[in-house]
Every structure is written in structure tokens, then in C-alpha cells.
Amino acid sequence: MKTPTLGNPQNTIEILQKYNFNFQKKFGQNFLIDEHVLDKIIRAAEITKDDYVLEIGPGIGTMTQYLACAAREVTAVEIDRALIPILEDTLKEYDNVSIINEDILKVDIAALAKEKNGGRSIKVVANLPYYITTPIIMGLFESHVPLESITVMVQKEVADRMQVGPGTKDYGALSLAVQYYAEPYIVANVPPNCFMPRPAVGSAVIRLTRHQKPPVEVMDEKLMFRLIRASFNQRRKTLANGLKNSGELNLSKEVITAAIEKLGKGSSVRGEALDLEEFARLTNIIKEEMEHEV
């Protein structure tokens with residue numbers, strides 16, 4: 001199997017010129033051109049010859065080459081049709097890679113895992129465009145596909161948001177959702193000069209290791225996430241007002257007030273002060289209150 005060549009900026013430029021490739025703003029394309037960062041991602045994802053890896057957004061195949069050398073098999077899902085001939089060229093020496101030209105949000109990942117990995121947990125690796133990071137990560141978690149870990153390059157502030165706790169300005173619905181499903185760990189910060197073209201902001205590689213079972217017990221997962229979204233939709237408001245004003249929740253003022261009291265919090269508490277465990281308890285209290293009302 002050929003040694004990866006695309007971590008070298010010169011080789012990346014040559015390929016792009018050969019195909020007259022134009023970067024698409026709408027796909028948020030920034031290709032990685034740093035061999036050290038690529039090595040770090042492969043190490044952080046703990047890819048072995050036993051692993052089937054799903055790569056999202058392979059671009060011109062830079063990281064795909066590294067993954068192919070480390071894994072048993074790789075499926076690379078690329079939305080931009082203009083990149084498919086380039087990928088077929090840059091990956092022709094790697095016989096354990098298949099390319100799918102599709103929007104990852106439309107791919108049946110559970111079926112892929114079944115076909116390629118016997119339904120066992122897969123590892124996902126991605127250099128995600130910033131505008132679609134959250135839908136992709138949440139889509140992977142919420143669809144309950146068999147996942148071992150997701151190792152992704154994201155905007156630095158998004159990586160920070162995924163791992164912070166209550167009381168910080170970055171803490172929000174994304175922090176809670178990620179931490180409910182996985183253990184976040186920031187592997188490396190990556191400056192703009194590691195990409196072509198250079199993004200305007202810094203990036204970070206974060207590994208999300210899927211929990212075997214969620215760290216909190218909650219009677220109704222969907223209700224908990226509705227409560228979380230409602231509490232952060234209007235950060236300046238108290239938790240009680242956030243829940244009362246939410247169009248998603250059909251809760252009486254009495255139920256909300258009683259639940260916050262049972263949680264042991266004062267009426268002026270804000271959503272951003274609650275941790276995951278408290279949101280789970282609040283959900284369970286509200287769920288019981290609702291059942292009593294019926």
C-alpha cells in the first residue's frame with residue numbers, strides 16, 4: 001500500500017491544479033495540509049487493522065490515505081461531485097477504500113455498519129465544515145448507530161463548547177447533548193495555517209468516545225432535550241421563564257414551578273446553572289408531575 005503523499009502542501013496544490021478544482025464556499029471546504037496533525041488524528045482515533053472507519057468529507061483524500069494505511073476498511077462519504085474523480089485518482093492505490101457521493105445526513109449508516117462491519121461498532125473520523133458540525137454529530141448519536149467513537153476536526157470554539165460544564169459562557173445545549181452520549185476529549189488545537197485555504201478561525205481535533213450507557217438515568221430522553229433547548233433559547237431568562245415561553249413544551253406554570261422547587265433550586269435559577277444530572281432529575285420530576293395530572 002502506497003505511503004500517504006497528500007499531507008504535503010505541494011502535492012495538494014498539484015492535484016488541485018491538475019483538476020482545475022475550485023473551492024466551494026457552500027461546502028465549507030478547507031483541506032488539511034499538515035502531516036503532524038494527520039498523524040495525531042489517526043493516533044487519537046486509535047485506528048487498528050481490525051477497524052472499519054467511516055470518513056465524512058474526505059475532500060481530496062488526504063486523511064483517507066492515512067486512514068487506509070491504519071484501518072481494515074474505510075468508507076469515505078463526500079457530498080461534492082467535483083471531488084469524486086480526484087478521490088478516484090488519489091485513492092487508486094488503496095484497495096480497502098470505497099467512496100460514496102452523498103450527503104452524510106441521507107446515508108443509512110446503520111446499514112453500512114451491518115454490511116461492512118457485521119453490525120459491530122464503527123469509528124467515525126471527519127474534518128467537518130463548520131456550518132454543519134452539530135447536525136452531523138447529533139445525527140450520529142441520536143440515530144443510535146453502532147458507534148465506538150467520533151474523532152473530528154471542528155472549529156475551536158465548538159470543541160470548547162462540547163466539553164465545558166455549567167457556569168461558563170460556552171456552556172449550552174450542545175455541551176449537554178454531547179456529554180450525555182459521549183466522553184469529549186480535545187486532542188489538539190490546529191492553527192489556520194494547517195489548512196488550504198486558510199480558515200478565518202482556529203480549529204481543534206476532538207474525540208468523542210461513546211458511553212456504553214448514558215451517565216444519567218432519565219425517563220424520557222426526548223423530553224430532557226426539549227427542556228434543555230428551552231432553557232438555553234433565552235439565556236438571560238430564568239429557567240422557569242424559559243420553560244414557560246417555549247413553544248415546544250406544553251407545561252403549566254404550576255408544573256414548572258413545582259418541579260424547580262423539588263429540584264431544590266430557587267425560582268431565580270437559570271438553565272445555564274444546571275448540570276446534566278440536574279437536567280435528568282428535572283425531566284424525571286416533570287414526567288411524574290405530568291402523569292399525575294392525567
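Visitor: Does phenylalanine 279 count as buried or exposed?
Guide: A residue is buried under 20% relative accessible area, exposed over 50% and partly exposed in between, using a 1.4 Å probe and protein chains only. Phenylalanine 279 has a relative accessibility of 0%. Because 0% is under 20%, phenylalanine 279 counts as buried.

Visitor: What kind of model is this?
Guide: Residues are numbered from 1 along each chain as its sequence is written, and side-chain values use heavy atoms, leaving out hydrogens and water. Local features need pLDDT of at least 70, side-chain atom pairs count only at pLDDT 80 or more, and totals for chains, interfaces and linings use all residues; the model is predicted.

Visitor: What share of the residues of the protein counts as buried?
Guide: The C-alpha atoms fill a box of roughly 65 × 40 × 30 Å along the principal axes. The protein has 294 residues, and the buried share of them is 53%.

Visitor: Among contacts between residues at least 6 apart in sequence, what percentage joins residues at least 24 apart?
Guide: A contact requires heavy atoms within 4.5 Å. Of the contacts between residues at least 6 apart in sequence, the part that joins residues at least 24 apart is 68%.

Visitor: How many aromatic pairs are there?
Guide: Rings of Phe, Tyr and Trp (its six-membered ring) pair if their centres lie within 6.5 Å; planes under 30 degrees apart are stacked, over 60 edge-to-face, and the rest tilted. By this rule the number of aromatic pairs is seven.

Visitor: What form does the aromatic pair of tyrosine 180 and phenylalanine 225 take?
Guide: The ring centres of tyrosine 180 and phenylalanine 225 are 5.5 Å apart and the planes stand at 85°, which makes the pair edge-to-face. The pair links distant parts of the chain, with tyrosine 180 in helix 8 (residues 173-181) and phenylalanine 225 in helix 9 (residues 221-233), 45 residues apart. Tyrosine 180 is buried at 3%, and phenylalanine 225 is buried at 10%. The planes are over 60 degrees apart, so the form is edge-to-face.

Visitor: Which kind of pair do phenylalanine 232 and phenylalanine 279 form?
Guide: The ring centres of phenylalanine 232 and phenylalanine 279 are 6.3 Å apart, with the planes at 40°, so the pair is tilted. Phenylalanine 232 is buried, at 10% relative accessible area.

Visitor: Which residues of helix 8 are buried?
Guide: Seven of the nine residues of helix 8 are buried, so helix 8 is largely enclosed by the rest of the structure. The buried residues are Leu174, Ser175, Leu176, Ala177, Val178, Tyr180 and Tyr181.

Visitor: How many salt bridges does the structure hold?
Guide: A salt bridge places a side-chain nitrogen of Lys or Arg within 4 Å of a carboxyl oxygen of Asp or Glu. One of them joins aspartate 89 and lysine 92, with the closest N and O atoms 2.7 Å apart. Aspartate 89 is buried at 13%, whereas lysine 92 is exposed at 58%. The number of salt bridges is 13.

Visitor: Where does lysine 287, the partner of aspartate 220, lie?
Guide: Aspartate 220 and lysine 287 form a salt bridge, with the closest N and O atoms 3.1 Å apart. This pair links distant parts of the chain, 67 residues apart: aspartate 220 is in the loop between strand 9 (203-210) and helix 9, and lysine 287 is in helix 12.

Visitor: Which peptide bond is cis?
Guide: Proline 197 lies in the loop between strand 8 (195-196) and strand 9. With omega at about -15°, the cis bond is the one that joins methionine 196 and proline 197.

Visitor: What is the phi of glutamate 46?
Guide: Glutamate 46 sits in the loop between helix 2 (35-44) and strand 2 (52-56), and is exposed at 52%. Although glutamate 46 is not a glycine, its phi is positive, at about 55°.

Terms used:
Helices (H or I, at least four residues) and strands (E, at least two) are DSSP runs, numbered from the N terminus.
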